[in-house]
Amino acid sequence: MAEPLLHNFIRRLLLSLVVLCSLALSQTKPSADLIITNAKIWTVDKSHPQAEALAVLRDRIVAVGTNTEVDAWHGPQTKILDAQGKLLLPGFNDAHVHFVDGGDHLQQVQLKDASSPQEFARRIGERAKTTPKGEWVTGGDWDEQKWSPPNLPTKELIDPVTANVPVWVNRYDGHESLANSVALQLAGITAKTPNPPGGEIIHDAQGNPTGVLRDAAQDLVAKVMPPMSHAHRMKAIHLALEHAASLGVTSVQDMNPAYEDVKAYSELQEQGLLTMRIYVAPLETGWKDQAKLGVRRGFGSDFLRMGAVKGYADGSLGSETAYFFDSYTDAPGKNGLLSDEMHPPSAMLQRLKAADAAGLQLCVHAIGDRAISMVLDMFEQIEKANGKHDRRWRIEHSQHLAAKDFARYTRLGVIASVQPYHAIDDGRWAESRIGPERIKRTYAFRTLLDNGVRLAFGTDWSVAPLSPAWSIYAAVTRATLDGKNNNGWVPEQKLTVIEAVEAYTMGSAYAEFQEKEKGSITPGKLADFVVLSDNIFKIPPAAIKDVKVEATFVGGKLVYGGLE
Ligand SMILES: [Zn+2]
């Protein structure tokens with residue numbers, strides 16, 4: 001096309017667009033698909049914190065305000081729902097889950113509340129009886145801290161009730177698992193098997209493996225397990241989606257999923273069956289897979305995004321594998337373990353630096369103060385090499401900080417991706433492990449906020465329950481699960497309900513580069529919100545854990561419960 005002709009064409013095109021737009025405006029002012037009235041809305045939007053109604057058009061919020069203001073969007077097709085004065089919040093965004101694991105755990109043997117070794121063995125025996133040939137008894141989430149004495153379980157405890165069925169059941173924090181003799185045999189583990197780097201095979205007084213494998217040693221058994229079938233995975237995801245919707249969780253950030261999980265999410269998205277939004281952060285050792293396609297932080301659709309990697313720097317406090325500067329109070333000389341990815345740390349640094357240069361977001365698990373410090377050192381070096389920009393590094397768990405490191409979080413813009421439920425769980429025994437000084441900077445949510453650090457809330461499901469009500473309760477009360485700290489364990493670290501809700505919505509949205517799309521009830525954002533049975537800002541904090549979700553909406557669609 002010659003240039004004058006092209007100009008003419010563009011002018012005509014613009015003119016017809018103007019005509020079309022003014023026609024649309026004069027004739028059909030769009031009306032909302034859905035209006036929620038009579039709600040107590042806490043928007044988590046600082047410019048406009050409270051409202052009583054909202055309107056949804058397709059999958060977005062188009063209006064937030066008084067009943068009268070929002071009624072301007074009322075049209076002949078608009079569905080009106082009355083919230084009857086109940087509290088409406090942005091949907092919860094869990095910044096740290098293991099989603100397929102979580103779904104799978106819903107269908108596995110349940111050991112978390114087994115209150116004695118005998119009960120533990122009984123449940124495993126029951127499950128072994130009904131386990132089809134070729135399959136394993138897995139899962140469990142056992143917690144020997146609930147037993148007296150709190151001794152680790154052994155294969156001798158379960159061998160007599162499991163016959164030829166391989167058993168591989170994990171401690172609830174995922175850092176230790178117990179195998180029976182059949183599973184040990186399949187894995188080829190004997191008294192002579194050496195500890196792999198970053199892992200430990202526990203032995204009895206005679207030098208024989210007890211069946212408990214710690215951290216990286218768990219791979220020895222995990223690698224001989226039959227892979228999860230596609231059907232099994234899909235069932236786990238369906239269960240997980242249902243469970244999430246029932247708790248008001250509308251987004252999750254899935255840490256180190258298998259690639260098959262991502263494939264399954266992608267299939268579900270294609271079929272319109274994802275009832276929740278997922279951001280995936282596969283393991284950092286595979287960073288090249290995303291980088292070679294040019295996938296960068298936050299890449300994808302409203303329902304499924306990627307562009308992050310997850311790494312591990314150390315273990316957990318419960319298994320004394322969190323890596324500390326000073327040794328464990330109850331185990332002098334023991335400082336914890338660096339993860340296998342950190343052998344050596346320079347290799348980890350090299351991968352993280354390259355992943356960062358490729359535009360991938362870094363999420364690194366670090367629990368002990370020394371592991372956290374080492375990760376911060378790496379971030380500093382990466383910033384030096386790759387320059388300063390808005391990259392939102394995350395330290396997953398951020399459990400025990402050295403006093404000097406709060407300011408480094410702030411300076412580097414590191415997000416503390418934390419799980420309040422762990423505080424009331426570990427709070428039962430943490431002091432016996434690390435002493436009275438270090439616990440002051442343990443789950444130090446208040447100090448982090450006071451230092452200007454951004455918090456993102458999550459649960460680490462299936463390590464802890466997926467329930468936001470429990471997590472908010474934990475952050476606000478810090479009342480440990482044993483009922484011994486009703487005024488709060490390290491009470492100076494308590495948060496307000498407002499702060500906890502913000503960390504669970506805007507905080508988590510920011511942590512996945514989505515604060516412009518979700519995290520608050522604001523016109524233009526995705527219509528993800530929940531209606532709760534009780535007003536968590538008004539009821540006694542101790543009652544927050546019992547609050548139920550009445551209705552969960554994702555993209556304006558009801559995915560759980562309902563309003564009259
Ligand atoms: Zn985790």
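View 1. A cavity here is a set of points, on a 1 Å grid over the protein atoms alone, where a 1.4 Å probe fits but cannot get out, and lining residues have an atom within 4 Å of a point. Grid points are joined across faces, edges and corners, and volume means the space filled by probe spheres set on the points. This is a predicted model, so local features need pLDDT of at least 70 and side-chain atom pairs count only at pLDDT 80 or more, while totals for chains, interfaces and linings use all residues. Numbering runs from 1 along each chain as its sequence is written, and side-chain values use heavy atoms, leaving out hydrogens and water.

There's one cavity of 30 Å³ or more, and the largest cavity comes to about 80 Å³. Its lining includes Pro90, Asn93, Lys518 and Asp528.

**View 2. The zinc site.** His96 (NE2), His98 (NE2) and Asp460 (OD) coordinate the zinc ion at 2.0 to 2.2 Å. Donors are N, O and S atoms within 2.8 Å of the metal (3.2 Å for Na, K and Ca); water is not among the atoms, so sites may look incomplete. Along the chain the donors are spaced H-x1-H-x361-D. His96 sits in strand S8 (residues 92–97) and Asp460 in the loop between strand S23 (455–457) and helix H17 (468–477), a pair 364 residues apart. His96 is buried at 0% relative accessibility, and Asp460 is buried too, at 7%. (Buried is under 20% relative accessible area, exposed over 50%, partly exposed in between, with a 1.4 Å probe and protein chains only.)

**View 3. The largest nonpolar core.** Such a core is a set of buried Ala, Val, Leu, Ile, Met, Phe, Trp, Tyr and Cys residues joined through side-chain atoms within 4.5 Å. Among its 80 residues, Phe379, Tyr409, Ile472 and Ile536 touch the most other members. Helix H12 (residues 369–386) gives the most, with eight residues. A second, separate core has 23 residues, including Ile237 and Trp461.

**View 4. The second largest pocket.** A pocket is an open set with protein on both sides within 12 Å along at least five of seven lines. This one holds about 370 Å³ of space. Of its 21 lining residues, Gln110, Asp141, Trp461, Ser462 and Pro465 are the closest to its centre. H3 gives the most to the lining, with three residues.

Notes. Helix = DSSP H or I, 4+ residues; strand = E, 2+ residues; numbered from the N terminus.
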